[in-house]
Amino acid sequence: MCFRLSPVPGLGLVLLGLLLGSFQSYALEVTLTNSENATCLYAKWHMNFTISYETTNKTQKTVPIPDTDNATYDGSSCGDDKNGAKIVSHFGPALTWTVNFTKKAPNYLIDSILFSYDLSNSTLFPDAKEKGIITVDEAVALEVPLNNTFRCKSLTTDRRDSVVQTYWDVSVQAFVQNGTVSKKEYLCKNDRPATTVAPIIHTTEPSPTTTPTPKGKPEVGNYTVSHGNDTCLLATMGLQLNITQEKVSSVFNINPKTTSFTGSCQPQTAQLRLNNSKNENRFYLKEVNVSMYLDNGSVFSVANNNLSFWDAPLGSSYMCNKEQVVAVSGTFRINTFNLRVQPFNVTGGKYSTAQECSLDDDNILIPIIVGAGLSGLIIVIVIAYLIGRRKSYAGYQTL
């Protein structure tokens with residue numbers, strides 16, 4: 001689930017990413033060889049694209065990238081000391097994704113990523129107002145040591161113009177030496193372990209964590225993702241962000257009226273992002289990725305790709321009307337209100353039968369009440385029986 005939130009007064013730009021998962025997922029993988037049939041470039045990665053465009057009747061449509069397992073790589077090249085390397089991925093006749101590399105010893109550079117799409121293709125972009133090829137250029141300029149594989153398992157999202165590009169589980173090595181992909185890994189910033197800082201000992205009593213100013217429940221928003229003319233994903237929820245930073249807690253309500261969102265649906269993946277489930281018959285919240293600017297100008301970022309919330313069977317919806325806390329980390333929580341979500345098998349644009357959270361299940365009170373009543377009745381009967389026996393003994397005195 002990926003939300004791009006527009007600026008909220010007093011909060012700054014908020015980018016909130018939630019990942020829902022299903023069982024099947026697949027990766028793109030390409031191995032280029034040189035004239036000696038030795039591996040010269042290797043890459044394996046997951047990615048998603050969504051493209052928004054204006055139709056002739058002035059409405060906005062959002063389309064996802066087609067199934068990436070049908071990608072072709074014509075035009076890709078190994079490169080050398082003088083010429084750059086590149087991976088060129090074609091997703092049908094209308095979409096081309098290119099990543100460029102240059103060699104600059106002792107490093108190689110991931111220079112840029114280009115994404116081109118042809119709005120003249122009426123099959124992929126029906127009723128598009130604008131025609132012709134649009135190219136989105138993302139400068140990367142990332143240096144990686146030669147004979148190292150760049151790895152980034154974390155979720156990376158880039159939004160430029162009307163295109164949202166998302167990558168994860170990336171492994172790539174350009175200018176492979178001696179035909180063997182290196183086992184040495186150069187990790188992206190988000191995959192690196194946090195640096196341990198020596199504690200500062202204070203002579204004064206440390207101040208306690210401040211309690212955030214109470215806020216009312218956030219407004220509930222409705223979010224719909226369509227694939228063509230069919231609704232493929234529904235979500236209804238109120239969102240509240242709870243951040244603790246330097247023992248100061250802050251609570252922010254997300255306003256759906258000032259919130260924009262994007263999404264996509266494919267047979268095994270969807271964005272409100274669907275990936276890797278516990279089993280093939282259920283879905284659940286797998287990952288949360290958040291970056292936001294705080295009032296003091298600092299940036300707060302947190303990600304957790306090992307969550308397990310909102311579990312429900314595929315083909316059903318998950319519902320929790322009461323406040324539910326999603327603990328992303330020790331310093332960040334998301335409070336949801338009146339939540340309902342269904343990422344798969346949406347029929348007729350309506351939610352299927354809901355699996356309710358345990359917080360909403362009031363039926364458990366009935367057996368508790370009945371059990372307590374029966375226990376009380378048994379106790380009364382036992383006491384009455386004991387009193388009756390004592391009175392009976394009192395009637396037969398020894399002469």
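Visitor: Why does L32 count as buried?

Guide: L32 has 12% relative accessibility, so L32 counts as buried. The term means under 20% relative accessible area, with over 50% called exposed and the values in between partly exposed (1.4 Å probe, protein chains only). L32 is found in strand β3, residues 28-33. Strands (E, at least two residues) are DSSP runs, numbered from the N terminus.

Visitor: What does L32 touch, not counting residues up to four places away in sequence?

Guide: Its contacts are A38, T39, C40, L41, S76, S77, C78 and K86. Contact means heavy atoms within 4.5 Å. L32 and K86 are 54 residues apart in sequence, but 9.9 Å apart in space, C-alpha to C-alpha.

Visitor: What kind of model is this?

Guide: This is a predicted model, where local features need pLDDT of at least 70 and side-chain atom pairs count only at pLDDT 80 or more, while totals for chains, interfaces and linings use all residues. Residues are numbered from 1 along each chain as its sequence is written, and side-chain values use heavy atoms, with hydrogens and water left out.

Visitor: What is the average pLDDT of the protein chain?

Guide: The average is 76, and 73% of the residues score at least 70. pLDDT is the predictor's confidence in each residue, from 0 to 100. Over residues 1-14 it stays under 50. Residues 21-25 also stay under 50. Where pLDDT is low, the predicted coordinates should not be read in detail.

Visitor: What makes S317 buried?

Guide: S317 has a relative accessible area of 0%, so S317 is buried. S317 is in strand β23, residues 317-320. Leaving aside neighbours within four places in sequence, its contacts include R340, Y351 and Q355.

Visitor: How do you know that S317 and R340 make a polar contact?

Guide: Their side chains are joined at 3.2 Å. A polar contact is a pair of N or O atoms within 3.5 Å; within protein, one must be able to donate a hydrogen and the other to accept it, and residues adjacent in sequence count only if both atoms are side-chain atoms.

Visitor: Why is strand β20 called largely enclosed?

Guide: In β20 (residues 282-293), 9 of the 12 residues are buried, so the rest of the structure largely encloses it.

Visitor: How do you know that β20 and β22 pair?

Guide: Two strands pair if DSSP finds at least two bridges between them. β20 and β22 (residues 309-313) have 3 bridges, in the antiparallel sense. In β22, F309 is the bridge partner of L285.

Visitor: What makes β6 and β9 edge strands?

Guide: β6 (85-90) and β9 (133-145) each pair on one side only. They belong to an open, antiparallel sheet of 4 strands, in the order β6-β7-β8-β9. Inside this order, 10 bridges join β7 (residues 95-104) to β8 (residues 107-118). In β8, S112 is the bridge partner of N100.

Visitor: Why is the pair of F49 and F115 called stacked?

Guide: Their rings are 4.3 Å apart centre to centre, with 10° between the planes. Rings of Phe, Tyr and Trp (its six-membered ring) pair if their centres lie within 6.5 Å; planes under 30 degrees apart count as stacked, over 60 as edge-to-face and the rest as tilted. F49 and F115 are buried.

Visitor: What does this pair tie together?

Guide: F49 lies in β4 (residues 39-54) and F115 in β8, so the pair ties together parts 66 residues apart in sequence.
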